[in-house]
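Colleague: Please take one part of this model and go through it closely. I would like the packing around it, then the rest of the picture.

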Amino acid sequence: MKVSVSLRQKLISKGRNSLYLDFYPPIPHPETGKPTRREFLKLYLIEKPKTPFDRQKNKEIFELAQQIQHKRTTSLNKPEIYSEYEKEKLRYKELGEQDFIDYFKSIAEKRTGSNYSSWISAINYFETFTGGSLKFADVNEMLLNEFKEYLLSTQSKRSKKTKLSQNTASSYFNKLKATLKQAFKDGILRTDLNHRIEPIKEAETRREFLTLEELNSLVKTPCNDPLLKRAALFSALTGLRFSDIQKLIWEELSYVNNQGFYIRYQQKKTDSIESLPISEQAYKLLGDPGKPEEKVFKELRYSAYKNKHLYQ
């Protein structure tokens with residue numbers, strides 16, 4: 001609570017006014033420790049000054065008393081003024097000692113499926129770059145830009161003969177930016193570093209298409225994972241991405257009169273819902289219908305192991 005310090009006068013002997021400070025609420029006495037409201041300054045004013053000298057002397061003494069009043073006010077209220085600031089400073093110092101990579105991993109744990117695998121890969125590259133440990137206090141723009149350059153120039157962990165692709169580097173760097181954004185929201189970072197760091201631009205990609213002959217050859221090719229084969233063929237026949245197929249549920253499939261089968265899906269969060277016509281061949285790859293809320297391709301997961309089968 002803020003302490004009010006008032007300068008007051010009390011008439012005493014020999015026509016003098018004794019100056020003292022009045023504290024509210026009371027403060028501990030510097031000697032006894034007991035609450036007190038008064039501090040006598042041992043400064044005195046002439047009650048009825050008769051000469052210019054007396055008036056000048058009163059003025060100087062009163063100004064001195066005011067200086068003491070100001071000093072006491074500042075001294076008593078400084079802890080109240082700065083305590084919250086000091087607490088906040090201490091809090092950020094403690095947060096700065098936390099391990100950023102551990103926090104990065106905790107954010108990744110909230111992801112699922114192929115998205116989770118991508119997050120783990122991003123963390124692996126960041127751990128290699130930092131040596132496996134990084135305090136929040138050491139996270140700054142220079143380090144983040146250096147990691148950006150590292151991703152654009154480093155070799156792929158899957159093959160020492162090739163560099164990490166620009167689009168993969170962009171994806172991994174975006175995972176880091178998302179972590180920075182969340183850390184700022186959580187109050188761990190005082191600066192919105194995500195906003196200050198430019199992302200890695202994606203490179204334009206060229207789509208590849210299978211010819212009918214190639215598609216027929218693919219149908220005849222054996223695969224140790226029947227689910228993966230059905231999903232791959234369904235993707236080839238519809239043009240849907242892995243992420244769209246993985247989350248596809250039976251409720252999104254419908255038969256419109258004699259026009260055939262349709263899939264209602266949202267390509268991106270910002271896009272409107274689309275109706276995609278699919279062929280009868282594509283529909284047959286889906287298998288027996290399940291409950292409306294069930295996934296069509298149950299247990300379909302992204303992994304390097306499955307990619308190996310897909311390549312074969």
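Modeller: The model is predicted. I take leucine 180, which lies in helix α5, residues 166-185. Is this residue buried or exposed? Leucine 180 has a relative accessible area of 1%. The cut-off for buried is under 20%, so leucine 180 counts as buried.

Which residues does leucine 180 touch, leaving aside those up to four places away in sequence? The list is Phe100, Val139, Leu144, Leu189, Leu193 and Asn194. One of these, Phe100, belongs to helix α2 and takes part in the contact of α2 with α5.

Helix α2 covers residues 100-108. The axes of α2 and α5 come within 10 Å and cross at roughly 100 degrees. The range for roughly perpendicular is 65 to 115 degrees, so α2 is roughly perpendicular to α5. On the α2 side the contact uses Phe100, Tyr103, Phe104 and Ile107. On the α5 side it uses Lys175, Leu176, Thr179, Leu180, Gln182 and Ala183. By class, the contact residues are 7 nonpolar, 2 polar and 1 charged.

Helix α7 spans residues 212-220, and helix α8 spans residues 226-238. Their axes are 11 Å apart, at an angle of about 165 degrees. Over 145 degrees counts as roughly antiparallel, so α7 and α8 are roughly antiparallel to each other. The crossing of α7 past α8 is left-handed. From α7 the contact takes Leu215, Leu218, Val219 and Lys220. From α8 it takes Lys229, Leu233, Ala236 and Leu237. These residues divide into 6 nonpolar, no polar and 2 charged.

Next, away from leucine 180. Glutamate 31 is 149 residues from leucine 180 in sequence. In space the two are 53 Å apart, C-alpha to C-alpha.

Last, the strands. An open sheet of 3 strands has the order β1-β2-β3, and its pairing is antiparallel. β1 and β3 stand at the edges with a single partner strand each, so one side of each has no neighbour in the sheet. The twist averages 25 degrees from one strand to the next.

Take the pairs in turn. Strand β1 is residues 4-12 and strand β2 is residues 16-28. They run antiparallel, joined by 9 bridges. Valine 5 stands opposite phenylalanine 23 in β2. The two strands form a hairpin with 3 residues between them. In that turn, lysine 14 has a positive phi of about 60 degrees.

β2 also pairs with strand β3, residues 35-46. This pairing is antiparallel too, over 9 bridges. Aspartate 22 has arginine 38 in β3 as its bridge partner. β2 and β3 form a hairpin with 6 residues between them. Glycine 33 in the turn has a positive phi of about 80 degrees.

How values were computed
Residues numbered from 1 in each chain as written. Predicted model: local features only at pLDDT ≥ 70, side-chain atom pairs only at ≥ 80, totals over all residues. Heavy atoms only, no water. Axes fitted to C-alpha atoms, helices over the stretch in contact; angles between N-to-C directions. Helix = DSSP H or I, 4+ residues; strand = E, 2+ residues; numbered from the N terminus. Parallel < 35°, antiparallel > 145°, perpendicular 65-115°, else oblique. Left-handed = near helix turned anticlockwise from the far one by under 90°. Contact = heavy atoms within 4.5 Å. Nonpolar A, V, L, I, M, F, W, Y, C, P; charged D, E, K, R; others polar. Buried < 20%, exposed > 50% of the residue type's maximum accessible area, 1.4 Å probe, protein only. Pairing = 2+ DSSP bridges.
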